Amino acid sequence: MLSKNRIKYINSLKIKKYRQQHGAFMVEGAKSVLELLESDFKTEVVLATQEFQQKYSSILTRHNTLTETVTIQELEGLGSFQTNDSCLAVAKTKQNAFLSLDDSEYMLVLDDVRDPGNLGTIIRVADWYGISKIVCSNDTTDIYNPKVIAASKGSFTRVNIFYTDLVSYLKENSAKKSVIGAFLGGESLYDFQFSQTGGYVIMGNESNGIGAEVEKLVTHKVTIPRIGAAESLNVGIATAIMMDNMRRQVSIKG
């Protein structure tokens with residue numbers, strides 16, 4: 001039986017203020033928890049059913065993970081998943097560490113992406129296409145939001161995130177690099193040539209796109225050509241299309 005204090009603590013992690021206060025966040029579901037355990041995140045505790053513990057006892061033992069046995073009903077009462085028949089973990093957040101661009105590397109830049117599902121999807125897309133760094137505006141949604149973690153499907157363990165003032169960051173770090181922005185108007189993505197020396201790909205807010213101040217620092221405006229009648233694309237889907245076209249031209253070196 002879970003203690004009232006444990007229940008109160010985990011429920012508090014659904015709120016950004018308390019995640020920041022405790023320096024902790026929660027991860028739900030077998031796949032994401034297993035990836036968490038194999039990552040460089042520090043895990044506080046895993047709440048798991050007996051079946052999960054039996055199935056993955058070697059992993060839990062190898063990582064010397066504090067584990068508490070819970071029922072499926074207790075799991076579903078704690079987390080944000082409608083159904084969770086395996087586990088939930090609490091892990092420590094990481095410091096907001098500066099990220100810089102390596103030679104020939106491409107980095108994603110997110111300007112005011114507010115929807116947690118979109119951010120989680122973008123992190124997963126970045127992981128798929130070998131992008132290990134994302135720089136976010138300060139008003140982009142919190143990576144440790146449970147919905148972001150869930151949508152990333154474990155990719156949050158491999159993609160580094162840095163929150164900062166984008167205008168200052170780009171002014172100080174983007175010299176001699178391509179700064180590519182996704183706009184409704186611009187050069188067709190299918191005609192655009194990505195530089196082999198790397199750069200920044202900026203994706204904007206779901207409703208308003210890239211902000212005016214950040215736009216001034218964009219060196220190349222590109223658009224995904226619309227063939228049908230849809231008014232717009234989800235930013236997660238748009239990011240996937242941008243990354244796919246970039247990877248068709250630029251391979252990962254080393």
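Biologist: Let's start with strands E2 and E4: how many bridges join them?
Modeller: Keep in mind that this is a predicted model. E2 and E4 run antiparallel, and within E4 the bridge partner of Leu-47 is Leu-88. The count of bridges joining E2 to E4 is 5.

Biologist: And on E1, which residue stands opposite Leu-88 in E4?
Modeller: E1 is joined to E4 by 5 bridges, and the two run antiparallel. Along that pairing, Val-27 stands opposite Ala-89 in E4. Opposite Leu-88, you'll find Glu-28.

Biologist: Staying with H3, which of its residues are buried?
Modeller: H3 (residues 30–37) is mostly covered, with 6 of its 8 residues buried. The cover includes strands E1 (24–28), E2 (43–48) and E4 (87–92), along with helices H4 (50–55) and H5 (57–62). The buried ones are Ser-32, Val-33, Leu-34, Glu-35, Leu-36 and Leu-37.

Biologist: On to the open sheet of 6 strands: what order do its strands take?
Modeller: Here the pairing is parallel. Strand E7 (160–164) and strand E10 (220–223) are the edge strands, each pairing on one side only. The twist averages 30 degrees from one strand to the next. Reading across, you get E7-E6-E5-E9-E8-E10.

Biologist: What angle does helix H7 make with the direction of E5?
Modeller: H7 (residues 116–128) packs on the sheet, touching E5, E6 (133–137) and E7. With the direction of E5, that of H7 makes about 175 degrees.

Biologist: Which residue of E9 stands opposite Val-109?
Modeller: E5 (residues 106–110) and E9 (residues 199–203) pair in the parallel sense over 5 bridges. E5 also pairs in the parallel sense with E6, over 3 bridges, and there Leu-110 stands opposite Cys-136. In E9, the residue facing Val-109 is Ile-202.

Biologist: Which residues of E6 point the opposite way from Lys-133, Val-135 and Ser-137?
Modeller: In a regular strand, side chains alternate between the two faces of the sheet. E6 is largely enclosed by the rest of the structure, because 5 of its 5 residues are buried. Lys-133, Val-135 and Ser-137 point one way, and the other way go Ile-134 and Cys-136.

Biologist: How many residues make up the largest nonpolar core?
Modeller: The residues with the most contacts inside this core are Leu-108, Ile-134, Phe-194, Val-201, Met-242 and Met-243. Take Met-242: leaving out residues up to four places away in sequence, it touches Ile-180, Ala-182, Leu-189, Phe-194, Val-201, Met-203, Val-222 and Ile-224. A second, separate core has 17 residues, among them Leu-101, Val-135, Val-167 and Ile-210. The largest core has 50.

Biologist: Which element gives the most residues to the lining of the largest pocket?
Modeller: That pocket holds about 710 Å³ of space. Of its 26 lining residues, the closest to the centre are Phe-183, Leu-184, Ser-232, Leu-233 and Ala-238. The elements giving two or more residues are helix H11 (235–249) and E8. The top contributor, with 3 residues, is E8.

Biologist: Last one: is Gly-186 buried, partly exposed or exposed?
Modeller: Gly-186 lies in E8 (residues 178–188). Beyond its neighbours within four places in sequence, Gly-186 is in contact with Lys-221, Val-222 and Thr-223. Its relative accessibility is 43%, and the middle class runs between 20% and 50%, so Gly-186 counts as partly exposed.

Definitions and conventions: Residues are numbered from 1 along each chain as its sequence is written. This is a predicted model: local features need pLDDT of at least 70, side-chain atom pairs count only at pLDDT 80 or more; totals for chains, interfaces and linings use all residues. Side-chain values use heavy atoms; hydrogens and water are left out. Helices (H or I, at least four residues) and strands (E, at least two) are DSSP runs, numbered from the N terminus. Buried means under 20% relative accessible area, exposed over 50%, partly exposed in between (1.4 Å probe, protein chains only). Contact means heavy atoms within 4.5 Å. A nonpolar core is a set of buried Ala, Val, Leu, Ile, Met, Phe, Trp, Tyr and Cys residues joined through side-chain atoms within 4.5 Å. Two strands pair if DSSP finds at least two bridges between them. Axes are lines fitted to C-alpha atoms, for helices over the stretch in contact, and angles run from 0 to 180 degrees between N-to-C directions. On a 1 Å grid over the protein atoms alone, a cavity is a set of points where a 1.4 Å probe fits but cannot get out, and a pocket is an open set with protein on both sides within 12 Å along at least five of seven lines; lining residues have an atom within 4 Å of a point. Grid points are joined across faces, edges and corners, and a volume is the space filled by probe spheres set on the points.
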